[in-house]
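Let's take a friendly walk through a protein model together. Have a look at the structure first, and then we will go through its parts.

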Amino acid sequence: MPATTQRWRKLVYRGDPLLAPPPPELAAILDRYRGQRDALMTVLEEIQAHYGYLPRAALEYTARELRFPLAQVYGVATFYNLFQLNPPGRYQVRVCKGTACHVSGSPAILQYLKQKPGIEENETTPDRLFTLQTVACVGACSLAPVVVVNEQTHGRMTPERAWDALAHLRAEATGEVPA
């Protein structure tokens, strides 16, 4: 088959997936804010609360349904650290970088938690179990250094204790016995 035929086959128009109405749960969120030009942040917060992140299609529907330029929707979603464009792991691991935690060893904990599973900050492990993040301060300075997993705070951590806590969660999630 000639190269030009293959090239054209790749460029065949397959329709616009956004021609269909948004899913009912997304439509319910968007319907509450129609005509409210100052509600974009609130809409994105609600979408993320529902899905756990901001799916691309949800952002596109938001732009279309609320009549915002798509660039503006993406601009807000990428400007603020609270928004996630990728699905988070089952466990969101947040290492505190506040002053008390920093001087007590949180940089070493962060480095260890990046090295062991081979991910960087704001990345998720391939098995979608852990997402590694940092936070400015969790307000638990007397427990420094602190690692928060989902909503559970772990204080006086060391790199090894932090990894052991994650290994325990992995074992629970997979049904394995921790090593």
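How many residues lie between strand 2 and strand 3 in their hairpin, and which residue in the turn has a positive phi? There are 5 residues between the two strands, and Arg 128 in the turn has the positive phi, at about 60°.

Before going on, a word on the source. This is a predicted model, in which local features need pLDDT of at least 70 and side-chain atom pairs count only at pLDDT 80 or more, while totals for chains, interfaces and linings use all residues. Residues are numbered from 1 along each chain as its sequence is written, and side-chain values use heavy atoms, with hydrogens and water left out.

**The overall plan**

The protein has 8 helices and 5 strands; these are DSSP runs numbered from the N terminus, with helices (H or I) of at least four residues and strands (E) of at least two. Along the sequence, their pattern reads α-α-α-α-α-β-α-α-β-β-β-β-α. Of the 179 residues, 36% count as buried, where buried means under 20% relative accessible area, exposed over 50%, and partly exposed in between (1.4 Å probe, protein chains only). Among contacts (heavy atoms within 4.5 Å) between residues at least 6 apart in sequence, 61% join residues at least 24 apart.

The 5 strands form an open sheet in the order 2-3-1-4-5, with mixed pairing. Strand 2 (123-124) and strand 5 (152-154) are at the edges with a single partner strand each, so one side of each has no neighbour in the sheet.

| Strands | Sense | Bridges |
|---|---|---|
| Strand 1 and strand 3 | parallel | 6 bridges |
| Strand 1 and strand 4 | antiparallel | 3 bridges |
| Strand 2 and strand 3 | antiparallel | 2 bridges |

For Val 95, the bridge partner is Val 147 in strand 4.

Which helix packs on the sheet, touching strand 1, strand 3 and strand 4? Look for helix 7 (residues 106-115), whose direction makes about 150° with that of strand 1. Such angles run from 0 to 180 degrees between N-to-C directions, using axes fitted to C-alpha atoms, for helices over the stretch in contact.

**Rings and a charge**

A search of the whole structure finds 2 aromatic pairs. One of them joins Phe 79 and Tyr 80, edge-to-face, at 4.9 Å centre to centre with 85° between the planes. Rings of Phe, Tyr and Trp (its six-membered ring) pair if their centres lie within 6.5 Å; planes under 30 degrees apart count as stacked, over 60 as edge-to-face and the rest as tilted. Phe 79 is exposed, with 62% relative accessible area, whereas Tyr 80 is partly exposed at 36%.

Elsewhere, the charged end of Arg 37 sits over the ring of Phe 68, 4.2 Å from its centre. That label needs NZ of Lys or CZ of Arg within 6 Å of the ring centre and within 35 degrees of the ring normal.

**A glycine in a loop**

Finally, find Gly 52 in the loop between helix 3 (40-51) and helix 4 (56-66). Is Gly 52 buried or partly exposed? At 25% relative accessibility, Gly 52 is partly exposed. Leaving aside neighbours within four places in sequence, Gly 52 is in contact with Ile 47 and Pro 88. Gly 52 and Asn 86 are 34 residues apart in sequence and 8.9 Å apart in space, C-alpha to C-alpha.

Conventions. Two strands pair if DSSP finds at least two bridges between them.
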